[in-house]
Amino acid sequence: MKRITAVLMSVILCLALSGCAKSTDGEQSTKPAPDFVPLNETVEGRKNIYVIVKIIENSSYWQVIIDGAKDGGDDYDCNIYCSGSYVETDWESQEKLLDAAVAAGADAILLAPDDSVILSEKINEIYNKGIPIVLIDTIINTDSYDVCYMTDNLMAGQNAAEEMIHLLRKNGTSDSDSIQVGIQVGATSSLTIIERLAGFLQYWSKNAPASWEVIPDIKCNEGSVDKAVVCAEELLEYPNLKGVFGTNNGSTVGFARVVKEQERKNIALVGFDYSEEMAELINNDDYIVSTILQKQYNMGYTGIESAMELVNGQKMSVKFVDTGVVVVNKDTIDKAEVQEALKHN
């Protein structure tokens, strides 16, 4: 119990105080979010749903969500407009986009918040105006929303830790070996990331051998894949490193690129989502890789469905819906459930 408490407390302090190590000097520069663009054909007289994501370009994960929202707009006969920030930490841009959506006459808003605390005041303001709010991917620190579609991230983090232990043992790591596992996160302000990390460490503390250490130097890439690569390079310098865990898509891509570039075939990699980089390693028998695949297409598609129900006066029976995950690796990739989840990736 002492071990569990110590590990979890270190994580809470690390994230709450933004103490995760940063690999580059200076503040991360960002560019303003782009204007909203229609995802489908705009038809006069239809309801207008505005979608705001965390990363608007160069992200396979968020593109799948956008695809789901577009298909939902087509099937539920509404106009879909989309924008988002360029990095996961740019809550200021999302706040401006929320104001822009309201000013444009949004009938409902789908939001994946960059900051689960700071944006809550703006969400309260919009919700109190009677505009339906559907959250996707990430919860927010207020009850002023109608429904949230996302992964149960605490459980998903536990799944990742279980998979890491499995891969390490499968790779020949003995319970008596003194090894290290490195972790990097995409942001310290997202409850999604905090819960995944807490779930991972909770399961690890209870089930991993005592000589298997999680490196306290948890890296934070601030939502930048370029920084994620640098974080990965730094962690792979630890001499006893045998495993790495990426808590989100960008962190996982960073690890995958460096593991491949350095041909680190002795490193177990567990991450999130199904990028091209992860697909390549999973399909290469020389690497030890698993990923926790979310069903983010459903977040976007069902989010639009619920938004239209809300606009039409219906009430949601629940506030939170777990959209589920599947574990993808060499042994599971051909299973029907995994193939179904991969259809939209």
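Tyrosine 61 and tryptophan 62 are both buried in this predicted model. The two residues form an edge-to-face aromatic pair, with 4.9 Å from centre to centre and 90° between the planes. The count of aromatic pairs comes to nine.

**Aromatic pairs and cluster**

- The ring centres of phenylalanine 36 and tyrosine 50 are 4.9 Å apart and the ring planes stand at 85°; since an angle over 60 degrees counts as edge-to-face, this pair is edge-to-face.
- Phenylalanine 36 is in the loop between helix H1 (2–16) and strand S1 (37–38), and tyrosine 50 is in strand S2 (residues 48–53), so their pairing ties together parts that are 14 residues apart in sequence.
- Phenylalanine 36 and tyrosine 50 are both buried.
- One aromatic cluster is made up of Phe200, Trp204, Trp212, Phe245 and Phe272.

**Charges over rings**

- Phenylalanine 272, a member of that cluster, has arginine 196 over its face, at 4.1 Å from the ring centre.
- Lysine 31 places its charged end over the ring of tyrosine 86, at 4.3 Å from the ring centre.

**Helix H8**

- Helix H8 spans residues 249–261, a run of 13 residues.
- From its first C-alpha to its last, H8 reaches 18 Å, close to the 18 Å expected at 1.5 Å a residue.
- Of the 13 residues of H8, 10 are buried, so the helix is largely enclosed by the rest of the structure.
- The buried residues are Asn249, Gly250, Ser251, Thr252, Val253, Gly254, Phe255, Ala256, Val258 and Val259.
- The helices against which these buried residues pack are H2 (60–75), H7 (225–235) and H9 (276–282).
- The buried residues of H8 also pack against strands S7 (179–185), S10 (241–246) and S11 (268–272).

**Aspartate 99**

- Aspartate 99 is located in helix H3 (residues 91–103).
- Its relative accessible area is 35%, which makes aspartate 99 partly exposed.
- Apart from neighbours within four places in sequence, aspartate 99 is in contact with Lys122 and Glu125.
- Aspartate 99 and glutamine 262 are 163 residues apart along the chain, and their C-alpha atoms are separated by 45 Å.

Notes. Residues are numbered from 1 along each chain as its sequence is written. This is a predicted model: local features need pLDDT of at least 70, side-chain atom pairs count only at pLDDT 80 or more; totals for chains, interfaces and linings use all residues. Side-chain values use heavy atoms; hydrogens and water are left out. Rings of Phe, Tyr and Trp (its six-membered ring) pair if their centres lie within 6.5 Å; planes under 30 degrees apart count as stacked, over 60 as edge-to-face and the rest as tilted. Helices (H or I, at least four residues) and strands (E, at least two) are DSSP runs, numbered from the N terminus. Buried means under 20% relative accessible area, exposed over 50%, partly exposed in between (1.4 Å probe, protein chains only). A charge sits over a ring if NZ of Lys or CZ of Arg is within 6 Å of the ring centre and within 35 degrees of the ring normal. Contact means heavy atoms within 4.5 Å. The expected span of a helix is 1.5 Å times one less than its number of residues.
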